[in-house]
Amino acid sequence: MTARMLALPVKIAFCVSLAAASLYGAARAAGPDMEAGRALFVGATPACALCHTLNDAQTSGAIGPKLDEIKPDAARVETAIRNGIGQMPAYTTLSDKEIEVLSTYVAKATGAQQ
Ligand code: HEC
């Protein structure tokens, strides 16, 4: 087999992996802060996931509004986390950094304006 005959399958394999990577990116937003935000969404006490549906985090809580529908911007998420709202408790044990990461994550994951 010559090098020329090998080149085409390699190119095809490369294109397929690029397409797979972009499909993955569309379904779940990537990046270290997105991972950290997702972890907080399901791991904070009590977990946001218990009460909220958020497709990106694959949660289906139904006590609070579906975040994918209300698409809150980061400031609105932060206010809810800091002060609580209705049945939602205020989160007094999260650090400022955690609140920032979580708020940005929810806004980005729902496609809200930043
Ligand atoms: C015990 C259930 C519960 C938990 C846990 C919870 N929420 Fe909520 N959340 C609610 C309810 C209920 C509302 C609607 C409150 C209302 O409008 O009266 C709400 C509202 C919101 C809103 C919309 C606020 C607005 O301005 O309308 C956001 C954003 C939100 N929650 C994000 C979060 C995040 C992020 C977490 C985790 C840190 C979380 N929630 C944890 C129940 C919960």
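Of the 114 residues in the protein chain, 17% are buried; a residue is called buried if 20 or more other C-beta atoms lie within 10 Å of its own, exposed if 12 or fewer, and partly exposed in between, with C-beta atoms placed from the backbone. The model is predicted: local features need pLDDT of at least 70, side-chain atom pairs count only at pLDDT 80 or more, and totals for chains, interfaces and linings use all residues. Residues are numbered from 1 along each chain as its sequence is written.

**Overall architecture**

The protein chain contains 6 helices and 2 strands, which are DSSP runs numbered from the N terminus (helices: H or I, at least four residues; strands: E, at least two). From the N terminus on, their order is α-α-α-β-β-α-α-α. Among the contacts in the protein chain with a separation of 6 or more, 54% involve residues 24 or more positions apart; two residues are in contact if their C-beta atoms, placed from the backbone, lie within 7 Å.

**Helices H2 and H6**

Two packed helices are described by the angle between their axes and the distance between the axes. The axes of helix H2 (residues 32-43) and helix H6 (residues 96-110) come within 8 Å and cross at roughly 100 degrees. Such axes are lines fitted to C-alpha atoms, for helices over the stretch in contact, and the angles run from 0 to 180 degrees between N-to-C directions. H2 and H6 are therefore roughly perpendicular, a description that applies from 65 to 115 degrees, whereas angles under 35 degrees count as roughly parallel, over 145 as roughly antiparallel and the rest as oblique.

H2 contributes Asp33, Met34, Ala36, Gly37, Arg38, Leu40 and Phe41 to this contact, and H6 contributes Glu98, Val101, Leu102, Thr104, Tyr105 and Lys108. By class, the contact of H2 with H6 has 7 nonpolar, 2 polar and 4 charged residues. In this scheme Ala, Val, Leu, Ile, Met, Phe, Trp, Tyr, Cys and Pro count as nonpolar, Asp, Glu, Lys and Arg as charged, and the others, Gly among them, as polar.

**The nonpolar core**

The largest nonpolar core has 14 residues, and those with the most contacts inside it are Phe41, Leu54, Leu102, Tyr105 and Val106. A nonpolar core is a set of buried Ala, Val, Leu, Ile, Met, Phe, Trp, Tyr and Cys residues joined through C-beta atoms within 7 Å. H2, helix H5 (74-83) and H6 each supply at least two residues of this core, and the largest share, 6 residues, comes from H6. Leaving aside neighbours within four places in sequence, Phe41 is in contact with Cys48, Ala49, Leu54, Ala57, Leu102 and Tyr105.

**The shell around the ligand**

Of the 21 residues around the ligand, Cys48, Cys51, Gly64, Gly86 and Met88 come nearest; a residue is near a molecule or strand if its C-beta atom, placed from the backbone, lies within 6 Å of it. Helix H3 (48-51), H5 and H6 each supply at least two residues of this shell, and its largest share, 4 residues, comes from H5. The shell has 16 nonpolar, 4 polar and 1 charged residues.

Cys51 is found in helix H3 and is partly exposed, with 16 other C-beta atoms within 10 Å. Residues up to four places away in sequence not being counted, Cys51 touches Gly61, Ile63, Gly64 and Met88.

| Pair | Separation in sequence | C-alpha to C-alpha distance |
|---|---|---|
| Cys51 and Gly61 | 10 residues | 4.1 Å |
| Asp56 and Tyr105 | 49 residues | 9.6 Å |
| Thr110 and Asn55 | 55 residues | 8.2 Å |

Asp56 is found in the loop between strand E1 (53-54) and strand E2 (59-60), and counts as buried because 20 C-beta neighbours lie inside 10 Å. Thr110 is in helix H6 and is partly exposed, with 19 other C-beta atoms within 10 Å. Apart from neighbours within four places in sequence, Thr110 is in contact with Leu67, Asp68 and Lys71.

**Backbone geometry**

Most residues other than glycine have a negative phi, and most peptide bonds are trans. A cis peptide bond joins Thr45 and Pro46, with omega of about -10 degrees; Pro46 lies in the loop between H2 and H3. Gln58, not a glycine, has a positive phi of about 55 degrees. Gln58 is placed in the loop between E1 and E2 and counts as exposed, with 11 C-beta neighbours inside 10 Å. Lys71, also not a glycine, has a positive phi of about 40 degrees. Lys71 is found in the loop between helix H4 (67-70) and H5 and is partly exposed, with 15 other C-beta atoms within 10 Å.
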